[in-house]
Amino acid sequence: MHFKIFHNAEGAKNAYGLVVVIDVFRAFTTECYVMANGAEKIIPAGDLSLAYKLKTENPDFILMGEQNGEIPSGFDYGNSPFLISEVDFSGKTVIHISTAGTKGMSNAQNASEIITGSFVNAAAIAKYIKEKNVEIVSFVCTGTDNVTIRDEDALCAEYIQNLIEGKYNDFDGIMKHVKSGGYIDRFIDPTITKYPIEDIDYCFALDKFDFVIKASSYGEDLIQLRVISNLA
């Protein structure tokens, strides 16, 4: 098994094999909470106009997400795992958009398979990949523009790879590094975002969920996300 690393939503265009699209703060963490609360499926939208179009065509669908840290007009929920953690999504279809994560997923056109990546289901992801025993695994770190930066997405990719290879992980060290290194400042700065600081702990709730979220086709040009693996 060979591992590749790609950076940001544009880099996702070059990812191939089994692709793990990672957005720890907050898109794919939030999606795990949504799925755990009963959602039938999530449709990731690459841009805001597509999200609104899907909502117009499907009034019962729920709009969730953010653009540049702000909740777009008319959306039901933002991109906060804390604020949606108690919401009942049973049987619902959620249209989800984020500045980096969902765009990166939409760009991963060369993937043979796409799953989401976050710390809250890291062990389930590693187990799934080991069982698949694929030749190539590509990690897309959607929030990482510079290959030298060890931010939360890059460290999540490293963490999952270590699990697959049976190597040691220092999760406490990862949390300290991310919290003290300025990597989360933009996610809690009230001049940039309106999201609650509680999101940080929700994003670091290691292995809270025992499932994997996988993309499949939805119509001609879209993808949908569903829970496809449960370790319980």
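Buried means under 20% relative accessible area, exposed means over 50%, and partly exposed lies in between, using a 1.4 Å probe and protein chains only. Helices (H or I, at least four residues) and strands (E, at least two) are DSSP runs, numbered from the N terminus. This is a predicted model, in which local features need pLDDT of at least 70, side-chain atom pairs count only at pLDDT 80 or more, and totals for chains, interfaces and linings use all residues. Residues are numbered from 1 along each chain as its sequence is written, and side-chain values use heavy atoms, with hydrogens and water left out.

**Stop 1: helix α6**

Select residues 122–132, which form helix α6. Which residues of α6 are buried? They are Ala122, Ala124, Ile125, Ala126, Tyr128 and Ile129. An α-helix has 3.6 residues a turn, so residues three or four places apart point the same way.

Now step just past the end of α6, to Asn133. Its phi is positive, about 50°. Asn133 sits in the loop between α6 and β7 (136–141). Is Asn133 buried or exposed? Asn133 is exposed, because its relative accessible area is 59%.

**Stop 2: α6 against α7**

Axes here are lines fitted to C-alpha atoms, for helices over the stretch in contact, and angles run from 0 to 180 degrees between N-to-C directions. Angles under 35 degrees count as roughly parallel, over 145 as roughly antiparallel, 65 to 115 as roughly perpendicular, and the rest as oblique. α6 and α7 are therefore oblique to each other.

Show the side chains. From α6, the contact uses Ala122, Ala123, Ile125, Ala126, Ile129 and Lys130. From α7, it uses Tyr159, Ile160, Leu163 and Ile164. Contact means heavy atoms within 4.5 Å. The residues of this contact of α6 with α7 divide into 9 nonpolar, no polar and 1 charged. Ala, Val, Leu, Ile, Met, Phe, Trp, Tyr, Cys and Pro count as nonpolar; Asp, Glu, Lys and Arg count as charged; the others, Gly among them, count as polar.

**Stop 3: α7 against α8**

Glu152, Leu155 and Tyr159 of α7 meet Phe171, Ile174, His177 and Val178 of α8. By class, this contact of α7 with α8 has 5 nonpolar, 1 polar and 1 charged residues.

**Stop 4: the rings**

Color the aromatic residues. How many aromatic pairs does a search of the whole structure find? It finds 14. Rings of Phe, Tyr and Trp (its six-membered ring) pair if their centres lie within 6.5 Å; planes under 30 degrees apart count as stacked, over 60 as edge-to-face, and the rest as tilted.

Select Phe82 and Tyr202. Their ring centres are 5.4 Å apart and their planes stand at 75°, so the pair is edge-to-face. Phe82 lies in helix α4 (residues 81–84) and Tyr202 in helix α10 (residues 199–203), so the pair ties together parts 120 residues apart in sequence. Phe82 counts as partly exposed, at 27% relative accessibility. Tyr202 also counts as partly exposed, at 24%.

Next, select Phe119 and Tyr159. With centres 5.8 Å apart and planes at 80°, the rings are edge-to-face. Phe119 is in the loop between β6 (111–117) and α6, while Tyr159 is in α7, 40 residues apart. Both Phe119 and Tyr159 are buried. Ring pairs link Phe25, Phe119, Tyr159, Phe171 and Phe204 into a cluster.

**Stop 5**

Select Cys203, in helix α10. Cys203 counts as buried, at 0% relative accessibility. Leaving aside residues up to four places away in sequence, Cys203 touches Val24, Phe25, Arg26, Thr29, Pro81, Phe119 and Val120.

Zoom in on Phe25 and Arg26. A cis peptide bond joins them, with omega about 5°. Arg26 is in the loop between β2 (17–22) and α2 (27–36).

**Last stop: Asn8**

Select Asn8, in helix α1 (residues 8–11). Asn8 is not a glycine, yet its phi is positive, about 65°. Asn8 counts as buried, at 18% relative accessibility.
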